[in-house]
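Subject: Structure for your review

Dear colleague,

Please find below the sequence and the structure that I would like to hand over to you.

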Amino acid sequence: MPDHPEPTVIPIPDEFPVTWDPPELINLPWKQDRQHAPEPITPMCGWLGTFPWATGATQGLQAAGQPLTFNVGRFNTQYYIAIVPSMPPEEMEAAGAQAEEVVKELLGTYEKRWDEEWLPKVKSELQAWAEFDLPAASDDQLLSHMDDSITRYTLFWDIHFHLAIPMLVGPSMFVDFYNDLFEGAEELEAYRLLQGIRNMSIVAGEAIWDLSQKYKDVPGIANPLRSKSASAALSGFVGTDEGREFLRELRELLDRYGHRSDGVLEVAHPSWTEDPSTVINMMKDYMDEDAQDPRETHARLASEREAAVAGARKKLESYPEPVRDQFEFLLAAALAGGRIQEDHNFWIDQQSLHFMRQMFLEFGRRLVDTGKLDAAADVMYLVPDQIRASLKNGEDFRSVVAREKEEMSKFGAFAPPPVIGTDYGPPPLNPVTAALGRFFGNPPQPPAADGTIIGTPVSSGVVTGTAKVVIRLTDAGKLNKGDILVAATTAPPWTPLFAIAGGIVTDTGGPLSHCGIVAREYGIPCVGGTGGATSMIKDGQTIEVNGDAGTVRIIS
């Protein structure tokens, strides 16, 4: 048995006092996950994470052969996760070896299972959500629907994490295999063999492009979009025939691609169907004369991928057949992983969150009507049991909402500790932990002596441009063509911004994160995992992004 360091309780800063409820939660290794929730989360988001989300995630991990339990905690309004073994330490070595064998088997089957089993199931459940008439339901029917929806949400995260293991391990094992085969390969060279693969993020961006190009030379549509706020422009279109036609086409686009919001966890964020300003801002940029059709970029990257794959195969001609077979097996698994990582997010993360939000908003409207809430959106500061108590028993939770908002404002004003609970030392190195490292990125490093920000190499290239710090997608209107997008994290709804930005810098994420995959799909430099670029870089500064070295230099 390998030696394990003694567990150590992590000191907690005075300004972040934690109440451990239940007390044994202190025994878990909690890590703040800014990649999925860079800001404080609402109580409803925390409840969904702690219960259906974590329950489904644990089921999915164990179905994928991983002896792990996934835990979610909302501490002082911040989002933390703890992934821990589900068995005693003395059994972990044997279980780990068995888990590796299960993963290797999954690599050859998970793409087919996604296309033929899991995705059809997800689409069927989404259709059931869409067909439920929320306004027409009685209170009892709506409460029953909430129970069904929580069960469905658990199922979605079960599928998500069953899929996530091979989806991340496939590309990670391919990169390791490539680097072992070709000694001296550059840090990101292997990823060139994985670029230029179509996915739902790319498809949604193309749909926005197509609509912008159809109307960019129609003055009655293009001029208001370019000169007015999104809401002002859209309200003005109601009075003209061409305006109504544009609104119809926009609605069709949103019905198909708009069940998404800024991130993948926060249920309080409005979907594009509720607030299409993000899409309108993207259309404005796509209407610029120097805007490039994303299909052209994609075709170029696909051509580069084919050339890189052909070059690697040429080098392998003299290798033994088992080596060549393993290369092809891992390449196929990695290519599937890149596509499915974006597609599963579109179908599972985003759409399930959309329908959960719509359901909670219906409760919120009813509680406003009975005087128990001031605004429908305030329902996100409650949890399901409180909704039930208010709807059935008339309990008034407005003071609870006010207190929760105050807490979120308080703890959002400073940086929370990155880890709390108990430290058990680094996890064992295996294909899963290696893949997770490439997803979340390297541990943040302090800036170099000359002030250079150090992160994780994510997408190749060097670019200099004007920094624009964007914490929320609704602030993306300030991003101009060629600017450097500086963000805490990115999610699939951010994808069209990659066609505008000259480079990307994020606080979190490695080469297998969303920002890494999509930056390579758009052929722009990206540095992830900086830890705090959003606090070190200011709007308007000129910065140099070196995606190969993983560094960001502030020039002026």
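Helices (H or I, at least four residues) and strands (E, at least two) are DSSP runs, numbered from the N terminus. The model is a predicted one, in which local features need pLDDT of at least 70 and side-chain atom pairs count only at pLDDT 80 or more, while totals for chains, interfaces and linings use all residues. Residues are numbered from 1 along each chain as its sequence is written, and side-chain values use heavy atoms, with hydrogens and water left out.

Most residues other than glycine have a negative phi, and most peptide bonds are trans.

Asn76 is found in the loop between strand S3 (68-75) and strand S4 (78-85). Although Asn76 is not a glycine, its phi is positive, at about 50°. Asn76 has a relative accessible area of 16% and is therefore buried (buried means under 20% relative accessible area, exposed over 50%, and partly exposed in between, with a 1.4 Å probe and protein chains only). Thr77 lies in the loop between S3 and S4 as well, and has a positive phi of about 75° without being a glycine. Thr77 counts as buried because its relative accessibility is 3%.

Pro22 is placed in the loop between strand S1 (8-9) and strand S2 (29-32). The peptide bond that leads from Asp21 to Pro22 is cis, with omega near 5°.

**The open sheet**

Eight strands form an open sheet with mixed pairing, in the order S6-S13-S12-S8-S9-S10-S11-S7; two strands pair if DSSP finds at least two bridges between them. Strand S6 (453-454) and strand S7 (456-459) are the edge strands, each pairing on one side only. S6 is joined to strand S13 (residues 551-554) by two bridges in the antiparallel sense, and Ile454 has Thr551 of S13 as its bridge partner.

Which residues of strand S10 (residues 503-506) are buried on each of its faces? Gly503 and Val505 are buried on one side, and Ile504 and Thr506 on the other, so that both faces are covered. Strand S9 (residues 484-487) runs parallel to S10 and is joined to it by four bridges; Val486 has Val505 in S10 as its bridge partner. S10 also pairs with strand S11 (residues 526-528), in the parallel sense and over two bridges, with Ile504 opposite Cys526 in S11. From S10 the chain passes through helix H15 (residues 514-522) to S11 in a right-handed β-α-β crossover. A crossover is right-handed if, with the strands pointing away from the viewer, the path from the first strand over the helix to the second runs clockwise.

**Helix H14**

The buried residues in helix H14 (residues 431-440) include Pro431, Val432, Ala434, Ala435, Arg438 and Phe439. These residues are on the same side of H14, because they cover an arc of only 165° around the axis (the arc is that of the directions from the helix axis to the C-beta atoms). An α-helix has 3.6 residues a turn, so residues three or four places apart point the same way. At the N-terminal end, Asn430 caps H14 with a side-chain oxygen 3.0 Å from the backbone nitrogen of Val432. Gly441 follows H14 and has a positive phi, near 95°.

**Aromatic rings**

Rings of Phe, Tyr and Trp (its six-membered ring) pair if their centres lie within 6.5 Å; planes under 30 degrees apart count as stacked, over 60 as edge-to-face and the rest as tilted. The count by this rule is 25 aromatic pairs. One of them is the edge-to-face pair of Trp129 and Phe156, with 5.5 Å centre to centre and 70° between the planes. This pair links distant parts of the chain, 27 residues apart: Trp129 belongs to helix H3 (residues 110-131) and Phe156 to helix H4 (residues 139-181). Trp129 is buried at 4% relative accessibility, and Phe156 is buried at 0%.

Tyr178 and Phe182 form an edge-to-face pair, at 4.7 Å centre to centre and 65° between the planes, and both are buried. The charged end of Lys315 sits over the ring of Phe182, 5.2 Å from its centre (a charge sits over a ring if NZ of Lys or CZ of Arg is within 6 Å of the ring centre and within 35 degrees of the ring normal). Likewise, the charged end of Lys123 sits over the ring of Trp347, 4.8 Å from its centre. Ring pairs also link Phe16, Trp20, Trp30, Phe75, Tyr80, Phe411 and Phe414 into a cluster.

With kind regards

Terms used. Polar contact = N/O pair within 3.5 Å; in protein donor to acceptor, adjacent residues only side chain to side chain.
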